[in-house]
Amino acid sequence: DYSSRVTGSYEDEVGELAQSFNAMAQSTETAVSQLISKQNQLEGVLQGMDDGVLAVDAENKILFLNQSARRLLEKPGLDENTKLEGSLLVGKIANMMKHAIESSESGKETITGAPNDKQFIVYVSPIAGQEEKSALAVITDVTRVHKLEQMRSEFVSNVTHELKTPLTSIRGSIELLKSTDRDEKTRRYFYDVLDIEAERLH
């Protein structure tokens, strides 16, 4: 209880001690209040993130995790002070964090996990400045971005093909028309081809 204060009026050394005690109690109460406020702000930010955030110690025991980590890993039962285990995806992340603790090096990997072959970018880093070794992981779901990239690539490939086919036909017809004099019937045939392919391009 940091609100406790020495009451009464003293004029000797006890009075000075009482004043010092009260000043120290006030300073401690303010510092603890600020620390709790900052901790609540940080937890609010972490819980509001779309990315999963979790921390484990050297024994693979969860020190912290947010709701997004539970959702992305599809493990609603994961909780603090329990082991980080339960699926192939969770096992891969646990191994990455173990390596980060043992090597004191950060790492980043793209992991594919069930169900539906979801893709995650996982960044792990050892947490410095603590007596007990631990590591932090940030998990980002990039499945939608990956699928959009595939769609874009397929779209560009299809458009390229659809443009090249009529252009090849148009260029071929023009070269044949220019190469030598053609009779009216042949010219009309090539003009029809040019007209059809131009319409296709349009």
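This is a predicted model: local features need pLDDT of at least 70, side-chain atom pairs count only at pLDDT 80 or more; totals for chains, interfaces and linings use all residues.

Modeller: The structure holds eight salt bridges, and I will go through three of them in turn.

Arg-5 pairs with Glu-29, and their closest N and O atoms lie 2.7 Å apart. This pair links distant parts of the chain, since Arg-5 belongs to the segment before α1 and Glu-29 to helix α1 itself, 24 residues apart. Arg-5 has a relative accessibility of 29% and therefore counts as partly exposed, and Glu-29, at 30%, likewise counts as partly exposed. The helix that carries Glu-29 runs over residues 13–48, and its 36 residues reach 52 Å from the first C-alpha to the last, close to the 52 Å expected at 1.5 Å a residue. Elsewhere in α1, Gly-15, Ala-18, Asn-22, Ala-25 and Leu-46 are buried, and what covers the buried residues of this helix includes β1 (52–57) and β2 (62–65).

A second salt bridge joins Glu-74 to Lys-118, with 3.8 Å between the closest N and O atoms. Here too the pair links distant parts of the chain, with Glu-74 in the loop between α2 and α3 and Lys-118 in strand β4, 44 residues apart. Glu-74 is partly exposed because its relative accessibility is 40%, and Lys-118 is partly exposed with a relative accessible area of 25%.

The nonpolar core is the next part of the picture. The largest such core has 24 residues, of which Leu-54, Leu-73, Leu-84, Ile-93, Met-97, Val-122 and Ile-139 touch the most other members. Each of β1, β2, α2 (67–73), α3 (88–103), β4 (118–126) and β5 (134–141) supplies at least two residues of this core, and the largest share, eight residues, comes from α3. Leaving aside residues up to four places away in sequence, Ile-93 touches Leu-73, Ile-111, Val-122, Ala-137 and Ile-139.

An α-helix has 3.6 residues a turn, so residues three or four places apart point the same way. Arg-200, at 46% relative accessibility, counts as partly exposed, whereas Glu-197 is buried, with a relative accessible area of 11%. Both residues also belong to a network of salt bridges that links them with Glu-162.

Technical notes. Residues are numbered from 1 along each chain as its sequence is written. Side-chain values use heavy atoms; hydrogens and water are left out. Helices (H or I, at least four residues) and strands (E, at least two) are DSSP runs, numbered from the N terminus. The expected span of a helix is 1.5 Å times one less than its number of residues. Buried means under 20% relative accessible area, exposed over 50%, partly exposed in between (1.4 Å probe, protein chains only). Contact means heavy atoms within 4.5 Å. A nonpolar core is a set of buried Ala, Val, Leu, Ile, Met, Phe, Trp, Tyr and Cys residues joined through side-chain atoms within 4.5 Å. A salt bridge is a side-chain nitrogen of Lys or Arg within 4 Å of a carboxyl oxygen of Asp or Glu.
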